[in-house]
Structure formats: structure tokens, C-alpha cells
Amino acid sequence: MTSKPIDTSRPHPARMYDYYLGGKDSYPVDEEAAERVISFLPAIRAAARTNRSFMNRAARLLAERGVTQFLDIGTGIPTEPNLHQVVQAVNPQARVVYVDNDPIVLRHAEALLRSTPEGATKYIEADVREPGKIIESAREILDFEEPVALSLVALLHFVSDEYRPYELVDNLLAPLSSGSFLMLSHVTGDFDPAGWAKAVDIYRKSGVPAQVRSRDEVARFFTGLDLIEPGVEVVTNWHPEPDQEFADEQVPLYVGVAQKP
């Protein structure tokens with residue numbers, strides 16, 4: 001695999017997210033921007049960690065329901081357990097396609113390609129704003145005649161309205177068969193509008209088209225789909241683990257999983 005050079009002159013959301021998680025794959029420019037966000041929005045660390053936990057819970061739930069194919073867009077820097085490790089623990093034959101547009105994720109893609117012998121994984125370097133390219137490449141290992149779980153976890157708050165995010169989601173779901181799923185998480189400014197306005201400003205000044213959304217705006221991504229209970233919820237209220245972190249904290253993240261009828 002080849003990739004464009006890593007730009008260390010300005011922050012990147014995947015590297016900032018890794019920093020929030022306590023990872024080491026960031027540069028000083030990412031750490032400086034992340035610390036500025038943390039200074040007035042300390043809940044961002046909890047959002048990152050609970051988001052990762054949601055991805056694991058949602059992927060495991062769908063694998064346990066018999067889904068064997070996953071298309072994960074906005075993968076980010078690998079953090080164990082990765083999605084394929086979660087679902088292949090349930091079904092070793094599961095097939096996973098990862099998609100991201102950050103060269104540093106490509107550098108770590110080997111960790112995303114360590115599939116079980118029975119299953120398969122693939123990495124695609126692409127942007128969510130290229131749905132045609134993503135679907136075409138994903139077809140190499142995913143059978144679109146069978147259900148696919150489309151994972152858009154902590155991604156769409158980096159797709160502002162000018163890029164027509166609802167249309168993008170529709171275009172990604174359209175080729176998927178009946179019985180497919182959408183699993184999605186999205187930060188919200190509902191609980192701290194001023195803090196998130198500052199955070200969005202930092203991202204946008206770094207060239208990242210960030211945008212937080214309300215619960216109703218997040219729910220709109222699931223239009224025409226059948227939501228799994230409890231619907232669109234704050235992350236700590238969605239199938240919580242008995243010993244989950246941040247159980248009593250208002251984490252600014254809405255999540256949901258829904259099936260295509």
C-alpha cells in the first residue's frame with residue numbers, strides 16, 4: 001500500500017482522537033489542539049472512551065445476531081480490540097472492510113488486517129465523501145446480496161452540512177441488502193453548547209469541517225430504518241455494561257443501531 005505523506009503541520013481528528021484515548025500516535029500539533037479542547041471541554045475524554053466501548057458493544061450485538069459482514073468507515077488509528085477482533089471472536093468467519101483517509105492509519109493498517117484464517121479483512125484509503133469508491137472497493141470481499149453492518153462511529157460530526165451528510169449515508173446504505181444495519185455515534189452540543197462551539201471552532205480552523213448535532217438531527221440519519229431498542233440514546237444509556245465507566249456522567253454522545261427493512 002502507498003499513501004500520501006503525513007501532514008504534521010496541522011491537527012488531524014484521527015490523531016486527536018487517539019490522544020483523547022491516551023494513545024501515542026499523535027504529533028505536537030495534534031496534542032496542542034487536543035489540550036485546548038480538553039481545557040474547556042473535559043468531557044471529550046469520556047466521549048472518546050465511551051464511544052470506543054459503544055463500538056465494541058454494538059459490533060458484538062450484531063455479530064451475535066448473525067451479521068458476518070462489516071463496513072467500518074472512519075476507522076481511526078487501531079486500538080485493541082479492533083472491530084474485526086470483536087466480531088471474529090463471535091464468528092471467526094466474519095469479514096470486515098476498514099476505511100479511512102488519514103495516512104497514519106494506513107501506516108498502522110497491518111494491525112487491521114490480522115484476520116482469523118476463516119474470515120477476512122481489507123483496508124481502503126478513502127473519504128466518506130467518496131461513497132462510490134468505497135462501495136466498489138468493499139465489494140471485493142463483501143457480498144452485498146447478504147446483510148452488511150455499516151459502521152459510522154464518531155465520523156459524521158466531521159462531515160458538516162455543506163457536504164450533505166444525510167445524502168452520503170443514504171448513498172452508502174442504498175446498495176446494502178435488506179436486513180443490513182447502520183451503527184452510528186455522533187457528538188452533540190445539547191449539554192454544553194458554548195463548550196462545543198469552541199471545540200468546533202478549533203477543528204474548523206485546523207481545516208476539519210466539524211459540526212455537532214442535536215438528538216433530532218442525529219435521529220434523522222436513521223430515517224426509514226428500524227431502530228433497535230432503546231433507539232437513539234446518550235451512549236451510557238445504550239445497552240450499558242454493568243460496570244461501565246462514566247455511568248453517572250452526562251457524556252455528550254448520541255448513539256444508535258438500526259436495521260434496513
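1. A salt bridge is a side-chain nitrogen of Lys or Arg within 4 Å of a carboxyl oxygen of Asp or Glu. By this rule, the count comes to 10 salt bridges.

2. The structure is a predicted model, in which local features need pLDDT of at least 70 and side-chain atom pairs count only at pLDDT 80 or more, while totals for chains, interfaces and linings use all residues. Residues are numbered from 1 along each chain as its sequence is written, and side-chain values use heavy atoms, with hydrogens and water left out.

3. Asp161 and Arg213 form a salt bridge, with 2.9 Å between the closest N and O atoms. Asp161 belongs to the loop between E4 and helix H8 (165–173), and Arg213 to the loop between H9 and helix H10 (215–219), so this pair ties together parts that are 52 residues apart in sequence. Helices (H or I, at least four residues) and strands (E, at least two) are DSSP runs, numbered from the N terminus. Arg213 is buried, with a relative accessible area of 1%, whereas Asp161 is partly exposed at 41%. Here buried means under 20% relative accessible area, exposed over 50%, and partly exposed in between (1.4 Å probe, protein chains only).

4. A salt bridge also joins the side chains of Glu140 and Lys122 (2.9 Å, N to O). Because Glu140 lies in the loop between helix H7 (131–138) and strand E4 (149–153) and Lys122 in strand E3 (residues 120–125), the pair ties together parts that are 18 residues apart in sequence. Glu140 is exposed, at 58% relative accessible area, but Lys122 is buried, at 18%.

5. Glu35 and Arg45 meet through their side chains in a salt bridge (3.8 Å, N to O). Glu35 is in helix H2 and Arg45 in helix H3, so the bridge ties together parts that are 10 residues apart in sequence. Glu35 is partly exposed, at 34% relative accessibility, and Arg45 is partly exposed, with a relative accessible area of 31%.

6. Helix H1 (residues 13–20) is mostly covered, with 7 of its 8 residues buried. Among the buried residues of H1 are Pro13, Met16 and Tyr20. The buried residues of H1 pack against helix H2 (28–40), helix H3 (43–64), helix H5 (103–107) and helix H9 (193–205), where contact means heavy atoms within 4.5 Å. Just after H1, Gly22 has a positive phi of about 90 degrees.
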